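Welcome, and please take a look at the structure shown here.

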Amino acid sequence: MAEDWTDRHVARWRDHWLDLDFDEQVEGAFARMSRISHYLRHAKQRAVAEVGLTDFEYDTLHVLMIRDTPGSASPTEPGRRDSPSPAPG
């Protein structure tokens, strides 16, 4: 298999942490997950911007739509559990 970004990342850090137990598989998995997370975060930002929303507006709408009663909540309800909003609960 061809060497990719993660393989090069692990190779760069392999000898850097001589005093720690460096697990190449764990570091590789973490690096891949971080890269995927970065990609998804930016893809979401682009998609949200295309429809004229901010991240906060999208996150609020998402919380409202995944409820047991989609689309309705009291003003403080979204802040009570699993809300990205800093609203007090």
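Asp59 and Lys44 form a salt bridge, with their closest N and O atoms 2.7 Å apart; a salt bridge here is a side-chain nitrogen of Lys or Arg within 4 Å of a carboxyl oxygen of Asp or Glu. Asp59 sits in helix α3 and Lys44 in helix α2, so this pair ties together parts that are 15 residues apart in sequence. Please keep in mind that this is a predicted model: local features need pLDDT of at least 70, side-chain atom pairs count only at pLDDT 80 or more, and totals for chains, interfaces and linings use all residues. Residues are numbered from 1 along each chain as its sequence is written, and side-chain values use heavy atoms, leaving out hydrogens and water.

**The chain as a whole**

- The secondary structure comes to three helices and zero strands, and along the sequence the pattern reads α-α-α. Helices (H or I, at least four residues) and strands (E, at least two) are DSSP runs, numbered from the N terminus.
- How many of the 89 residues are buried, as a percentage? Buried residues make up 15% of them, where buried means under 20% relative accessible area, exposed over 50% and partly exposed in between (1.4 Å probe, protein chains only).
- The chain exposes about 7300 Å², and carbon and sulfur atoms supply 58% of that area. Accessible areas come from the Shrake-Rupley method with a 1.4 Å probe, and for residues only the protein chains shown count as cover.
- Of the contacts in the chain with a separation of 6 or more, 20% involve residues 24 or more positions apart. Contact means heavy atoms within 4.5 Å.

**Confidence**

- The average pLDDT of the chain is 82, and 75% of the residues score at least 70. This score is the predictor's confidence in each residue, from 0 to 100.
- Which of the elements has the lowest mean pLDDT, and which the highest? Helix α3 (residues 55–65) has the lowest, at 84, and helix α2 (residues 24–50) has the highest, at 94.

**Helix α2**

- With 27 residues, α2 reaches 39 Å from its first C-alpha to its last, close to the 39 Å expected at 1.5 Å a residue. The expected span is 1.5 Å times one less than the number of residues in the helix.
- At the start of α2, a side-chain oxygen of Asp23 comes to within 3.0 Å of the backbone nitrogen of Gln25.
- Just after α2, Gly52 takes a positive phi of about 80°.
- Gly28, Ala31 and Val48 are the buried residues of α2, and their cover includes α1 and α3.

- Thr6 has its place in helix α1 (residues 5–14) and counts as buried at 5% relative accessibility.
- What does Thr6 touch, beyond residues up to four places away in sequence? Its partners are Gly28, Ala31 and Arg32.
- Trp5 also lies in helix α1, but Trp5 is partly exposed, with a relative accessible area of 31%.
- Not counting residues up to four places away in sequence, Trp5 touches Ala31 and Arg35.
- Trp5 and Gly28 are 23 residues apart in sequence, while their C-alpha atoms are 9.7 Å apart in space.

**More about the salt bridges**

- The count for the model comes to four salt bridges.
- One of them joins Arg32 and Asp4, whose closest N and O atoms are 2.7 Å apart. Arg32 lies in helix α2 and Asp4 in the segment before α1, so the pair ties together parts that are 28 residues apart in sequence.
- Asp4, Asp7 and Arg32 are linked in a network of salt bridges.
- Glu24 pairs with Arg14 in another salt bridge, with the closest N and O atoms 2.6 Å apart. Since Glu24 lies in helix α2 and Arg14 in helix α1, the pair ties together parts that are 10 residues apart in sequence.
- Glu24 is partly exposed at 37% relative accessible area, and Arg14 is partly exposed at 34%.
- Returning to the opening pair, Lys44 is partly exposed, with a relative accessible area of 29%.

Notes. Polar contact = N/O pair within 3.5 Å; in protein donor to acceptor, adjacent residues only side chain to side chain.
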